[in-house]
Each structure stands twice: as C-alpha cells, then as structure tokens.
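Work through these exercises with the model open in a viewer. Try each task before reading its solution.

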Amino acid sequence: MSANQVAEHYNSVKQTGIDDRKESRIFHLRNFNNWIKSQLINEATNRLRDDGVRNPRIFDLACGKGGDLRKWDIARAETVTMADIASVSIDQAKGRYEEMRQRNRNRIFTADFMVVDCTKEDIMEKMKDKKPYDLTSCQFALHYSFVDEKSARTFIRNAVKPLRPGGIFIGTLPDAERIVWAARESEDGEFKNSVCSIRYENVDELRDGKPPLFGAKFHFVLDSQVNCPEFLAYFPLLQHLLEQEGMELLFVKTFPEAIEEWKEAGANLMGRMRALEKYPADQGEKLSGGPEEYKHVEGVGNNPVGTLSESEWQAVCMYLVFAFRKRKTPADNGKEEENTEENHRNERKAAEEVDRSVVDEAGEDVEVKRRKTDEDVFKSEKTEVELTKEV
Ligand SMILES: C[S@@+](CC[C@H](N)C(=O)[O-])C[C@H]1O[C@@H](n2cnc3c(N)ncnc32)[C@H](O)[C@@H]1O
C-alpha cells in the first residue's frame, strides 16, 4: 500500500451534492464529525488568543477537498496553507476557496495550495511563505502515514516543523485501541453494523496479541463506500514521536469524552449543523435507521431529543481528538515576557469578541442523550512503545 494508491483512491472519489448528502444514511454522522472538528478548532484558536494571536496562520495538512475552509474563516485566519497528496482534491479545494472569496468580496484569509506527499517530501522546502505558523490541523488523515516508521516520522515532522514555539497541532484519528478491541470481539477480525465495517487484515496478529506498531492494516467501509486501506496509529506511540519533535501533549479525548466536554458550549452549533437526529421524527419525516437503532431513547415519549442511531454512535466511538503544543525554549519565553503588555491588550479585545459572538449565536437547543453502552468504549489495550532509532 503506497502513498500513490492513497492519492489514486482520493482522486477517484466522486464529489457529492447537498441533496445526495441529505439523503445519506450517515447524514448526521458526517455533520457530527464536522461539529467535532469545529469544536476542536475553536478550542485551539481560543488557546492561541490567550497567547495574543487573533488571526492565526494555519497549515491544513491533508486538507482533502477543503471541507474546513469555512471553519478557517470563522477562526479569523490570516492565511491558510492547504496540502494534500490528491491533486483532484486540491483542485476542488481551490475552487471552493475561490467561490468563498468572491462571495466575501475578497475579505477573506489568503490561501496557498500544494500537492505533496507528506510521508516523503519536506513540506518546508515547498512552502512559499516561510513565516512560522500558529496552528497545524490534520483531520482524519495522520494514520495513513503509519504504513511504516519512516513515513510516520516524516509526516509528523512535516506537521510540526512549520509551527512557531507555542504553536498548536490538532487532529482527529481512528482510536487504535478501540478498533483492536472491536476486531478482537468478533470471530473473524471484522466489526460490522448497518453503517460501517472495520476489518483488521492480519487476524493472526490480533490473536497473538501483538499488532505491529507500524503497518497494522485495517479496512474501514463507511456507508458502503470502500476506502483505501488504513493503518493503526497507537496514540502512546504518536505521543512519543511528537515528543521527540519537541511537542507536548495538551489533551487527548475519545469522541465520546469530547462530546461530554463540549456539548454545552457547542449546543447551539450542534443544532445549526444538524449533528444529531431528532427523535421521535417529525410527522412525515423518517428516521435514518430502523427502530432497533433507537432503543436507547425509546422512553422519551413526546419530548424530542437529539441523538444518533446506534450504528452511527458505534462509528463515532472509533475516533480520538488530540492537541499538542510546541515547547518553548528559555529564549522564546524571554521574548514573551517583553510582549506581556501587548498580550494583555490583545486578550482583553479577544474576550470582548468572544462575548459578542455568543450573543450573536441563535439556534435550536439540543439535548445529547448518552447511551448505556458508553462504558464499553473505554476498554483499552496495553501498548508498549518499542522503536528503532531515529530514521
Ligand atoms: C479522510 S480524508 C480527510 C480530508 C480532510 N482533512 C477532512 O477532514 O475532510 C484523508 C486525506 O488525507 C490525504 N492524505 C493521505 N496520505 C497523504 C500523504 N501522504 N500526504 C498528503 N496527504 C495525504 C488524502 O489524500 C485525503 O485527502
């Protein structure tokens, strides 16, 4: 499985229209994943504001078709560099950006687009603008690089090298421990429900209890769309590799933990993004799954709640969010001291802005209903990190 095959796969994925997306069995799951990304970006940009950065410089690594462009506008980005291995995706991202720029009459961040294999090339050599970045975001993509150690290390270096000291690296990725647990629960290494299936390729590795740290291949099919093979990225290993690149962990959460943390602050946005499905459905509307998918909310009677079908929830439980910060050297800290007065002024301005945006927000209130089976999500495997020397 080479990076070229990943590019070929993503280049051949058909772009879907809004109507197709609405009809999809996983309409709410997709919206939900977008909500998680929005909350994560929000959390990171709030931390940057605390550092006095109001218009962050952003590197969107493995940006795909530019699905996060609007989020960068909301984050008041100064500039965004978008990189992906799939040239067709980069063309679509450019097209979307141009549309946004025209709609906003040029009052939008500047953007730069690059087709690049981040497991092989040095991104810094390709970047036109060498000024350091405040935030790198890598959504649902980092794990592809875990095909082997060299690729993973190169990808990770590319993610963090462009950051300034104090800069933040955020991302989402499949939760390796959860996936191994789900595959082990099944007889043939395949977990399956009505929206997704996850098959671990080498079942013997699971039986031996030792999937490899790199090259642990699995196949994820979502809503019948076959994806290219993916690789487990054990979080303790990822953390170890990032620490070697001068990063420190801010947080890691499973998606269910992230929901618990962000559901109040993000409730309005959740309503607007239609991240949850209304149960019971309005008259004339259909639920996206069969009745067996909503047993956990059967008791709500006529008081509608926001929820996800059981199968979508199981898919949600397969992911993690994380954030790391680039460590500052004593010299960097000295520079920060000199700017303290300016930082305070910026912080006050930013606080006023946050207050205003809260007042501006209008949207349906939603209630997040958790499932009884949540506890299952936190079962984990012990991971040992044994690595070869620097590649
Ligand atoms: C699941 S998509 C996620 C896209 C986007 N980040 C999002 O959240 O919608 C994974 C992306 O990773 C990109 N990718 C995979 N391997 C890559 C590599 N070696 N270098 C750059 N991009 C890569 C793919 O082309 C694809 O666009």
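**Exercise 1.** In which loop is the place of Lys 130? Then list its contacts.

*Solution.* Some ground rules come first. This is a predicted model, where local features need pLDDT of at least 70, side-chain atom pairs count only at pLDDT 80 or more, and totals for chains, interfaces and linings use all residues. Residues are numbered from 1 along each chain as its sequence is written, and side-chain values use heavy atoms, with hydrogens and water left out.

Step 1. Lys 130 sits in the loop between helix 6 (123-126) and strand 4 (133-139). Helices (H or I, at least four residues) and strands (E, at least two) are DSSP runs, numbered from the N terminus.

Step 2. Leaving aside residues up to four places away in sequence, Lys 130 touches Met 124 and Glu 125. Contact means heavy atoms within 4.5 Å.

Step 3. The Lys 130 side chain reaches two backbone oxygens: that of Met 124 at 2.6 Å and that of Met 127 at 2.7 Å. A polar contact is a pair of N or O atoms within 3.5 Å; within protein, one must be able to donate a hydrogen and the other to accept it, and residues adjacent in sequence count only if both atoms are side-chain atoms.

**Exercise 2.** Describe the surroundings of the ligand.

*Solution.* Step 1. The ligand is surrounded by 17 residues, and the closest are Lys 37, Ala 62, Asp 84, Asp 117 and Gln 139. A residue counts if one of its heavy atoms lies within 4 Å.

Step 1. A ligand nitrogen is 2.9 Å from an N or O atom in the Asp 117 side chain. A backbone N or O atom of Gln 139 lies 2.9 Å from a ligand nitrogen. For a polar backbone atom of Val 116, the distance to a ligand nitrogen is 3.5 Å.

Step 2. Alone, the ligand exposes 590 Å², and the protein buries 88% of that. Areas come from the Shrake-Rupley method with a 1.4 Å probe.
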